[in-house]
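Welcome! Please take a look at the model below, and then we can walk through it together.

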Amino acid sequence: MAFNQNDRFQGRSRAEHMSPAEAHAAGIDVGLRKYMLSVYNYMAGGVALTGAVAYLAANTPAILNLLYSVGADGRVGPSGLGYLVMFAPLAFILVMNFGLNKMSASTLQMVFWAFAATMGLSLSHIFLTYTGVSITRVFFISAASFAGLSLYGYTTKKDLSGFGSFLIMGLIGIIIASIVNIFLASSALQFVISVVGVLVFAGLTAYDTQKIKSIYSITDGAEVMAKKSIMGAVNLYLDFVNLFMMLLQLFGNRE
């Protein structure tokens, strides 16, 4: 007990003798950790919700019948509603980005959860395409890779902003190539897209983490802090989901 009392006394003594600059830096450090923890909690919650909805949809015949249909050639593909659900997440992203200043933090949070749930519906097809074992394996590979890359982005002293333009260009290239491959259905092109996609989203994970960290400010109010946390989580969520999908296309075992 005497040691604890002395330790607390020394802690108070150090705090009392801190310069204003040191006190400010200490406040930033504590606030930054709390802010980043909030970002990761939202991101992890979104991923968990997406996975749960995807699994539930894939194992509910009524939902499958709404989202998918069997063509004349016997292949299963998205129905009209399925295509709507497939592109709906993009609408949510646009709403969150362009409506950020008008929405309250609580409204933005509800939109985020709706976005994650819709993503789950749009990704339900993976449980029809790949084995459950390979999905689980690739998920944990993705999670470990994401954790390492995000930790690097958070701790590195190197400025990663210079890589941003190259990563965005790579992302645009992936989107264009993916649209083209819808019509070509080329397995070779899909392989190239997946390999490049892994590299791009690995880079974006570190880049976005550093960017999210850099926009933190100790002067932010609770409302602004909550909005920054949610939008930061959206960026990391998209990095993780896309990294997972690219790895699944490379290493997933098909049914």
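What pLDDT does the protein chain average? The average is 88, and 87% of the residues score at least 70, where pLDDT is the predictor's confidence in each residue, from 0 to 100. This is a predicted model, in which local features need pLDDT of at least 70, side-chain atom pairs count only at pLDDT 80 or more, and totals for chains, interfaces and linings use all residues. Residues are numbered from 1 along each chain as its sequence is written, and side-chain values use heavy atoms, leaving out hydrogens and water.

Where pLDDT is low, the predicted coordinates should not be read in detail.

Now to the inside. The largest nonpolar core holds 51 residues, and Tyr35, Met43, Met96, Phe115 and Tyr237 touch the most other members. Such a core is a set of buried Ala, Val, Leu, Ile, Met, Phe, Trp, Tyr and Cys residues joined through side-chain atoms within 4.5 Å; buried means under 20% relative accessible area (1.4 Å probe, protein chains only). Helix 10 supplies the largest share of this core, 16 residues.

Leaving aside residues up to four places away in sequence, Tyr237 touches several residues, among them Met43, Thr50 and Phe115; contact means heavy atoms within 4.5 Å. Ser142 sits in helix 7 and is buried, with a relative accessible area of 0%. With the sequence limit of four places again applied, Ser142 touches Phe240, Leu243, Phe244 and Leu247.

Conventions:
Buried < 20%, exposed > 50% of the residue type's maximum accessible area, 1.4 Å probe, protein only. Helix = DSSP H or I, 4+ residues; strand = E, 2+ residues; numbered from the N terminus.
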